[in-house]
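Dear colleague,

I am passing on a structure that you have not worked with before, and my notes follow below it. Please look through the structure first and then read on.

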Amino acid sequence: MEAQKDSKAELPETAVEINAEAGKKYSFCTCGQSKKLPYCDNSHKQYNIDTGSHYRSFKVFPKQSARMHVSSSNWEKEG
Ligand code: FES
């Protein structure tokens, strides 16, 4: 019997598990400034003005309900 790989072992420390529902819109933060991580709360707008950056949210529109893991290198690990 072949051992199954633990897929979570390869995830970044900041990865968050989401049970995405079909037909919904998900807007994920890419800048790391959101107070509602992993979701965008539009904090990137002021951050872009302050820093000259060009961050935008990453939008996902699942066609099927699915569990997914999302992460950004700009999110700080909790704890
Ligand atoms: S708050 Fe980070 S991308 Fe919108």
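**What was found**

N42 counts as partly exposed, because 13 C-beta neighbours lie inside 10 Å. Please keep in mind while reading that this is a predicted model.

Buried residues account for 13% of the 79 residues in the protein, and, of the contacts between residues at least 6 apart in sequence, 66% join residues at least 24 apart.

The loop between β2 and α1 is where N42 is placed, and N42 has a positive phi of about 70 degrees although it is not a glycine. P38 is also found in the loop between β2 (26-28) and α1 (43-51), and the peptide bond that leads from L37 to P38 is cis, with omega near 15 degrees. As background to both points, most residues other than glycine have a negative phi, and most peptide bonds are trans.

Turning to the helix, H44 is located in α1, and H44 counts as buried because 21 other C-beta atoms lie within 10 Å, where the cut-off for a buried residue is 20 or more. If neighbours within four places in sequence are left aside, the residues in contact with H44 are C31, Q33, Y55, R56 and S57. For one of these, Q33, the separation from H44 is 11 residues in sequence and 6.5 Å in space, taken from C-alpha to C-alpha.

With kind regards

Note on methods: Residues are numbered from 1 along each chain as its sequence is written. This is a predicted model: local features need pLDDT of at least 70, side-chain atom pairs count only at pLDDT 80 or more; totals for chains, interfaces and linings use all residues. Helices (H or I, at least four residues) and strands (E, at least two) are DSSP runs, numbered from the N terminus. A residue is buried if 20 or more other C-beta atoms lie within 10 Å of its own, exposed if 12 or fewer, and partly exposed in between; C-beta atoms are placed from the backbone. Two residues are in contact if their C-beta atoms, placed from the backbone, lie within 7 Å.
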